[in-house]
Amino acid sequence: MTHPILLRVSNFTAYVWDVDDISALRSQHHICGILTGTLPHLSSQNVFLGLPLQLMPEEVVLLVENGIAVLVDDPSAHHSPSPQDLKLWQKERLRDARQQITLTEEKGSIEALNANRAMSESAQRKRKEREERRARVKAEAAPDNLTEYSPSPPIMSENPSQFAVEEPSDEAVVMPSAPYTVHVPTSSSRLEWYTSDSHLHSTIEAGIWKYPSTLQERARCGVFRSLWEQGYYMGVGIKFGGEYLVYPGDPLRYHSHFVASVIEAPGAALRPMEIVAHGRLGTGTKKAHILCEWNDETKVVSYFSVEWAGFG
């Protein structure tokens with residue numbers, strides 16, 4: 001049995017942190033979302049983003065209502081770690097740091113060995129002479145006579161505990177001083193103090209999710225579901241003057257054919273200037289603009305295509 005995909009909700013926004021879940025959403029359920037995280041070592045880039053995947057509210061409602069995904073109250077799933085949990089986490093960090101330092105030292109030794117092999121005997125002799133010269137200069141710069149230092153006896157107090165110094169714990173984890181990379185996991189599931197199983201919600205009526213709550217939001221969800229059931233992929237269409245960009249297949253392989261605008265009711269006002277603007281903009285970007293009219297009583301969507309004819 002396939003387990004539902006976990007949508008981790010924080011501040012009324014749903015995220016997907018698992019790469020396998022993102023792949024399943026895209027390949028099996030026609031849900032793309034938007035990657036919002038920066039990649040390691042490329043914090044200033046804004047073209048190729050990484051985890052997490054942020055979902056549109058319409059995508060979340062569709063997935064939960066179809067039983068494909070469940071909501072996770074992410075802030076409540078994080079608990080305060082116990083001292084034992086923190087100690088284990090620190091030891092794991094220490095083990096990872098030591099492994100990195102060991103690999104770096106091995107790489108440096110190999111490079112130094114290869115460099116010595118590439119050097120001629122004359123170059124190696126000159127290098128040795130330079131090192132010996134530096135050592136002599138350093139030895140001559142050191143003072144001949146060192147002033148003996150005898151620490152004064154500590155001042156005793158009638159209350160011995162007044163100057164008592166707490167001894168460091170033998171179990172304290174001390175991180176190495178050599179440089180190493182700190183790896184931040186993209187998922188909290190491996191943390192001992194994160195328990196998502198007790199904070200799952202299989203309906204959108206949960207207190208952590210409030211969409212849709214208005215007629216316009218219900219219309220957007222209805223139009224999104226109607227297009228999705230016809231096999232289309234949807235993306236954000238605000239750059240082209242609509243709510244959605246409608247793709248015949250995966251956006252990585254196809255250009256969008258339509259720009260969709262949502263009309264929340266059959267009696268909603270629509271100005272002629274809007275129709276002209278949609279038609280001209282759609283034609284200018286080689287797309288057809290479709291007006292999607294939602295009927296909240298019958299739950300039916302009516303479609304009207306607008307295209308600039310170029311005459312008159």
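This is a predicted model: local features need pLDDT of at least 70, side-chain atom pairs count only at pLDDT 80 or more; totals for chains, interfaces and linings use all residues.

Q: Is E58 buried or exposed?

A: The general idea is to look at the relative accessible area of a residue, where under 20% means buried. E58 has a relative accessible area of 2%, and therefore it is buried.

Q: How many residues of helix 2 are buried?

A: Helix 2 is mostly covered, with seven of its nine residues buried. The buried residues are E58, E59, V60, V61, L62, L63 and V64. Just after helix 2, G67 takes a positive phi of about 75°.

Q: Which side chains make polar contacts with the side chain of E58?

A: There are contacts with two side chains to note. The side chain of R220 makes a polar contact with that of E58 at 2.7 Å, and the side chain of Y244 makes one at 2.8 Å.

Q: What is the general idea behind a salt bridge?

A: Side chains of opposite charge can pair when their charged atoms come close. In this structure, a search of the whole model finds eight salt bridges. One of them joins R220 and E58, whose closest N and O atoms are 2.7 Å apart. R220 lies in helix 6 (residues 215-229) and E58 in helix 2 (residues 57-65), so this pair ties together parts that are 162 residues apart in sequence.

Q: Which residues are linked with R220 in a network of salt bridges?

A: The network of salt bridges links E58, R220 and E243.

Q: Where does R218 form a salt bridge, and with which residue?

A: R218 forms a salt bridge with D296, and the closest N and O atoms are 3.3 Å apart. Because R218 lies in helix 6 and D296 in the loop between strand 10 (288-295) and strand 11 (300-306), the pair ties together parts that are 78 residues apart in sequence. R218 is partly exposed, with a relative accessible area of 32%, and D296 is also partly exposed, at 24% relative accessibility.

Q: With which residue does E274 form a salt bridge?

A: E274 pairs with R271 in a salt bridge, with 3.3 Å between the closest N and O atoms. E274 counts as partly exposed at 26% relative accessibility, whereas R271 is exposed, with a relative accessible area of 57%.

Q: How should I read a charged residue that has no salt bridge?

A: R8, in strand 1 (residues 5-10), is buried yet has no salt bridge. The nearest side chain of opposite charge is that of D74, 4.4 Å away. A salt bridge requires a distance within 4 Å. The side chain of R8 does have a polar contact of 2.6 Å with the side chain of Y194.

Q: Which residues gather in a patch of positive charge on the surface?

A: The patch of positive charge consists of R125, K126, R130, R133, R134 and R136. Among them, R125 lies in helix 5 (residues 121-141) and is partly exposed, with a relative accessible area of 47%.

Q: Which residues form a nonpolar patch on the surface?

A: I34, V236 and I238 form a nonpolar patch, and together they have about 280 Å² of accessible area. I238 is found in the loop between strand 7 (233-236) and strand 8 (244-247), and at 66% relative accessibility it counts as exposed.

Q: What should I look for in the backbone?

A: Most residues other than glycine have a negative phi, and most peptide bonds are trans. Departures from these patterns deserve attention.

Q: Which peptide bonds here are cis?

A: The peptide bond from L51 to P52 is cis, with omega near 5°, and P52 lies in strand 4 (residues 50-54). The peptide bond from Y211 to P212 is cis as well, with omega near 0°. P212 is found in the loop between strand 6 (200-201) and helix 6.

Q: Which residues have a positive phi of about 60° although they are not glycine?

A: F12 has a positive phi of about 60°, and so does K299. F12 is found in the loop between strand 1 and strand 2 (13-16) and is partly exposed, with a relative accessible area of 43%. K299 has its place in the loop between strand 10 and strand 11.

Definitions and conventions
Residues are numbered from 1 along each chain as its sequence is written. Side-chain values use heavy atoms; hydrogens and water are left out. Patches are made of residues with over 30% relative accessible area and no salt bridge: like charges are joined within 9 Å, nonpolar side chains (Val, Leu, Ile, Met, Phe, Trp, Tyr) within 5 Å. Accessible areas come from the Shrake-Rupley method with a 1.4 Å probe; for residues, only the protein chains shown count as cover. Lys and Arg count as positive and Asp and Glu as negative; His and the chain ends are not counted. The place of a charge is taken as NZ of Lys, CZ of Arg, CG of Asp or CD of Glu. Helices (H or I, at least four residues) and strands (E, at least two) are DSSP runs, numbered from the N terminus. Buried means under 20% relative accessible area, exposed over 50%, partly exposed in between (1.4 Å probe, protein chains only). A polar contact is a pair of N or O atoms within 3.5 Å; within protein, one must be able to donate a hydrogen and the other to accept it, and residues adjacent in sequence count only if both atoms are side-chain atoms.
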